[in-house]
Amino acid sequence: KPNREYGHRLVIDLYDAAKPRARPKPRTPRTRPDRPRDLIIAIDAGHGGDDPGAIGARGTREKDVVLQVAKRLKRLIDREYGMRAVLIREGDYFVGLSRRVQKAREKQADLFISLHADAFDRASAHGSSVYILAEGNASSDAARWLAENENASDLIGGVSLEHKDDLLKFVLVDMMKASTIEDSHKVASSILGQLKGISHLHKTHVEQAGFRVLRSPDVPSILVEMAFISNPKEERKLRSARHQAKMAQALLKGIRNYFRKNPLAGTLLATRPRRHVISRGDTLSEIANRYRVSVRALRVANGLKNDVLPVGKVLRIPYAGS
Ligand SMILES: [Zn+2]
């Protein structure tokens, strides 16, 4: 769409045809079942490079503020127990829409969150919105995905579709899409609930649209319009470090609450933490040995600065490799 810098444009992404693009590996099994894994959150800062996104009256570019919030959110997520974030775009360059979806699936993301800022002709329009994929798009997408991915086994957790007939394949992918949309709706509501605390809501319910980046068949995906950059007051907020920090915090809380209420099997958050109550004579190396973790991991998990173990103190036992 036209903006201040460009009129109507046709953007063509060129890929090196000689280099085959890796097909994402089957999403399961990801790790050995005995070792709970981190949740992976893919954060997609909208636009970038030649595409500035919307531009505010003071010249604030959407591509810049969404990247700033994306980086803040990544830092917060990486500090969380059992969660890890990947940035789909790390700097000021453009990434094609399908490539963004593909990248999230390659990283085996459990959630895809795309960050944007809204714009409208009327400067008075304001507030945050959260979008998920419109249901109407889901069914046609299922058919399209099947057509495009002749080997669609990576779509349904490594189950081979080779000998299933076309109708069954369609039904399986369609069911998967429906449950992905249901999950997306739950995350979106959780985030909307947190945004309510820090800004006006443009709409009080989760909205649905056919955004291309929301079309992963198996990764719950949401798009957040953080505020209207076309509204002078909200443009100021979008630039403000304080508001950006609040926004990142609200997004984190929304994501965390969702995964706490809907734990994913095999992840650290779904696993009850192991505890050890110290009794007389316990030593760190003995405890480490018993639970097959390193002394260092024990120290880090419990913030221990020395080897003094008060009897009765409860130690958190980390999982190997966590
Ligand atoms: Zn945008």
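Helix axes are lines fitted to C-alpha atoms over the stretch in contact, and angles run from 0 to 180 degrees between N-to-C directions. The views below come from a predicted model, in which local features need pLDDT of at least 70 and side-chain atom pairs count only at pLDDT 80 or more, whereas totals for chains, interfaces and linings use all residues. Residues are numbered from 1 along each chain as its sequence is written, and side-chain values use heavy atoms, with hydrogens and water left out.

**View 1. The chain as a whole has eight helices and eight strands.** Helices (H or I, at least four residues) and strands (E, at least two) are DSSP runs, numbered from the N terminus. Of the 322 residues, 47% count as buried, a term that means under 20% relative accessible area, with exposed being over 50% and partly exposed in between (1.4 Å probe, protein chains only). Among contacts in the chain with a separation of 6 or more, 78% join residues 24 or more positions apart, where contact means heavy atoms within 4.5 Å.

**View 2. Helix α7 (residues 284–291) packs with helix α8 (residues 295–302) at an angle of about 100°, their axes lying 9 Å apart.** The two helices are therefore roughly perpendicular, the class for angles of 65 to 115 degrees, as against under 35 for roughly parallel, over 145 for roughly antiparallel and oblique for the rest. On the α7 side the contact is made by L284, S285, I287 and A288, and on the α8 side by V295, L298 and R299.

**View 3. Y131 and F211 form an edge-to-face aromatic pair, 5.2 Å centre to centre with 90° between the planes.** Rings of Phe, Tyr and Trp (its six-membered ring) pair if their centres lie within 6.5 Å, and planes under 30 degrees apart count as stacked, over 60 as edge-to-face and the rest as tilted. Because Y131 lies in strand β4 (residues 129–133) and F211 in the loop between β5 (207–209) and β6 (221–228), the pair ties together parts that are 80 residues apart in sequence. Y131 is buried, at 14% relative accessible area, whereas F211, at 30%, counts as partly exposed.

**View 4. Y258 and F259 form an edge-to-face aromatic pair, 4.9 Å centre to centre with 70° between the planes.** Both Y258 and F259 are buried.

**View 5. The charged end of R100 sits over the ring of F94, 5.4 Å from its centre.** For such an arrangement, NZ of Lys or CZ of Arg is within 6 Å of the ring centre and within 35 degrees of the ring normal. R316 likewise lies over the face of Y81, at 4.5 Å from the ring centre.
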